[in-house]
Amino acid sequence: MNEILNEISSLLQAGKAGKCKKAVQEAVDQGILAQTILDDALLAGMDVIGAKFKANEIFVPEVLVSARCMNKGLEILEPLLLEDGNDGAGTVILGTVKGDLHDIGKNLVGIMMKGKGLTVIDIGVDQPAEKFVEAAKENNAQVIACSALLTTTMDYMQDVVAAVKDSDLSNIPIMIGGAPVNQEFCEKIGATNYTVDGAEAAEVAYKYCQA
Amino acid sequence: MYIVNINDNNGSETISISKTMRLDKLMKELDLMLDMPCSGNHTCGKCKVTVKGHLSEMTDEERMLLKDEEIKNNIRLACFAEVNGDIEIFLDQTEANVLSMVKQGDLEFTEEGYGISVDIGTTTVAMQLYELRTGKLLGEDLRNNAQCIFGADVISRIKYATENGTKYLQDSIHKQLLDMSKECMHKAEIYEINKSVVTGNTVMLHFYEGLETRSIAVAPFKTESLFGRNGDFELSGSQTYLPSCIGSYVGADISCSILAAGMQRHNDRIELLADLGTNGELVLNYRGEMYCASTAAGPAFEGANLSHGMRAELGAISEMMVDDGKVLFKVIGNGKPKGVCGSGVLDAVSVMLELGVINETGRIDEGYIGDGEVAWKIPSTEVYITQKDIRQIQLAKSAIFAGIKTLLDQAGLKEKDIETFYVAGGFGYHMNGENAANIGLFPRGLERCMEVIGNGALSGAIMLLFDNKQKEYIKEIINKSTEVDLSGKQVFSDYYIEGMLFEEDEKY
């Protein structure tokens, strides 16, 4: 494989955001396709990080710093990917539910989804159920994804599920995630899917969009 | 009817129960301290109890959360085990016995009789008994907050209160304060208390007064009261005063810390105060305007949630350093090291960095294995620092770091503009400033002007106890203060991630 792509992947794994961004620019300047840089360097690096995270070899801090590298790289690649005619594999509405202001986990999920080529409409934190529905309609989205960090705010996800059921979007999949959320809770509130981390969430969202 | 035999360091006691019940319910009914960070959700594996006798079979789920050796030693998790016959419980009760230092600022002694001051911390409760005319300390007590059984942090306790009623949390803290005051009075041979001041974070004061907390946990974080009034309940027969809180997450403990540091008088200065506890509260005094914020650091620096973490009590490694390639450490009480307390953990991380045991991402070199996992064994001890511990510390320290950087950014200030950096809290009192800067607990530029003030919350409460005029200063503090919400701010998130590592990433 190309040397520069390997270097980007290692820089991403080491969490060196500045150097990683520079290397991505260098790869672009060398004439490597944006899609190739994304797949074989950034995502390849995140795959390693994701696998190590699952195996408990690394923990949240390293995932976050690597994701920041990915995001820096994406800043350069995104406009190029659009130019190359990759206008997205689908659209996801992503937000943190009402009452909750935490965005780090949500942003991580967003980065991983963008990496999969999905268009991510991030509606922000502290968002009421109607906002998720409206945004999904406006953007013709295929997936709604809700985040919550607190045991006191996760219950609001149920309101999002109810609002979606009441709307004419009744078939859109609702994905949920966040530290206190689990499969049991997902089933209890009638959401479509729960994933443990950003990488898995991106996989699942991608599948829903392709379905 | 089943017989329950309870053994502790002082002997044994026997009671009977009439029906089958879960072990944690039984222990709560018996007022036996039990650490339940996940409040009985079967996820944390912390509610370990040594128990023999007729109990339900261990499930795979429970087995997963225990080590083989623990299972062999009759340890069960209280949230799983059902008592269905006679049992015998063995308690290991080592209570905290080192009270954080208090300082008294400028004040006059306007009161007569005896008074009690209390700081209800999320993790620990500190109490002192004074002769009011002279300011002489007559007794003190420091204990783990009895509400720990309802969850380790304020959010899980609010969740518990919302689902089961605030009454449980209120009763628990009332009973604890009464026990502690009895203990202090007994030691001092005092039979009457004339007044008390009870300070603490906003949520702790809500529980103390029995107020609804549900809305504090969700944006926009509404409180029922910000206090600054007498309490509805007496403490050992005395009227209590509850100092004013600044906001939902910057409580009366911080108003008191500001008072103790005297920041309300420093209208021409630029100063920063950090109160390091389970929540890290920060105050930036920008020439008379005070910007206050709170960040969730978690209890790692109080020695909780770490594999060999413990409070700063007998047997805790409290200091560590490298000399000529050799690791040296200090143990409280000079006995056999049993664990490591907050200041020791901070030193340990700094030492691990210096020795290359961990790299700049916090990863422990794979060559270090202890207790069946990647961990560093502190030389000539049986105390380990595991990979998970390092991660807990990374999350805690970057929360403080990011909070400080964000407050400075918002005010358009640089580290060098800060004239004094006050550090409050029991952990802050013992921590090594240089090592704290080494691991990135705060920006390195602040170390030069660091001033340790000990338990600021309790110090301020004592000033209010002695001198009625101090209430005016609290009013002044409240007028000058604004609560800044950090979560949801992009710059905070960026600094938070940057602060996780052990070296500053190159600027981009």
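Q: Buried or exposed: which word describes both Phe150(B) and Tyr160(B)?
A: This is a predicted model, in which local features need pLDDT of at least 70, side-chain atom pairs count only at pLDDT 80 or more, and totals for chains, interfaces and linings use all residues; side-chain values use heavy atoms, leaving out hydrogens and water. Residues are numbered from 1 along each chain as its sequence is written, while chains are lettered from A and ligands numbered from 1 in the order in which they are written. The scale runs from buried (under 20% relative accessible area) through partly exposed to exposed (over 50%), with a 1.4 Å probe and protein chains only. On that scale, Phe150(B) and Tyr160(B) are both buried.

Q: How many aromatic pairs does the structure hold over all chains?
A: Rings of Phe, Tyr and Trp (its six-membered ring) pair if their centres lie within 6.5 Å; planes under 30 degrees apart count as stacked, over 60 as edge-to-face and the rest as tilted. Over all chains, the number of aromatic pairs is 8.

Q: Why is the pair of Phe150(B) and Tyr160(B) given its class, and which class is that?
A: A pair of aromatic rings is described by the distance of the centres and the angle of the planes. Here the centres of Phe150(B) and Tyr160(B) are 4.7 Å apart and the planes stand at 50°, so the pair is tilted.

Q: In which helix of chain B does Tyr160(B) lie?
A: Helices (H or I, at least four residues) and strands (E, at least two) are DSSP runs, numbered from the N terminus. Tyr160(B) has a relative accessible area of 15% and is therefore buried. Its place is in helix α4 of chain B.

Q: What class does the pair of Phe301(B) and Phe427(B) have?
A: Phe301(B) is buried at 7% relative accessibility, and Phe427(B) is buried too, at 8%. Their ring centres are 4.7 Å apart and their planes at 10°, so the pair is stacked.

Q: Which residues do ring pairs link into a cluster?
A: This group belongs to chain B, as the letter in each name shows. Ring pairs join these residues into a cluster: Phe109(B), Tyr130(B) and Phe466(B).

Q: What is the N to O distance in the salt bridge of Lys159(B) and Asp155(A)?
A: A salt bridge is a side-chain nitrogen of Lys or Arg within 4 Å of a carboxyl oxygen of Asp or Glu. Lys159(B) counts as buried at 17% relative accessibility, whereas Asp155(A) is partly exposed at 36%. Their side chains meet with N and O separated by 3.7 Å.

Q: Which residue forms a salt bridge with Glu382(B)?
A: Glu382(B) is exposed, with a relative accessible area of 52%. The closest N and O atoms are 3.9 Å apart, and the partner is Lys377(B).

Q: Which residues are joined into one network by salt bridges that share partners?
A: Let us start with another bridge, where the side chains of Asp417(B) and Lys416(B) meet at 3.9 Å, N to O. Salt bridges that share partners make one network of Asp141(B), Arg143(B), Glu183(B) and Lys187(B).

Q: Which residues form a negative surface patch?
A: Patches are made of residues with over 30% relative accessible area and no salt bridge: like charges are joined within 9 Å, nonpolar side chains (Val, Leu, Ile, Met, Phe, Trp, Tyr) within 5 Å. Accessible areas come from the Shrake-Rupley method with a 1.4 Å probe, and for residues only the protein chains shown count as cover. Lys and Arg count as positive and Asp and Glu as negative, without His and the chain ends, each charge being placed at NZ of Lys, CZ of Arg, CG of Asp or CD of Glu. The negative patch is formed by Glu3(A), Glu7(A), Glu26(A) and Asp29(A).

Q: What value is phi of Phe227(B) near?
A: Phe227(B) is found in the loop between α6 and β11 of chain B, and it is buried, with a relative accessible area of 10%. Its phi is positive in a residue other than glycine, near 60°.
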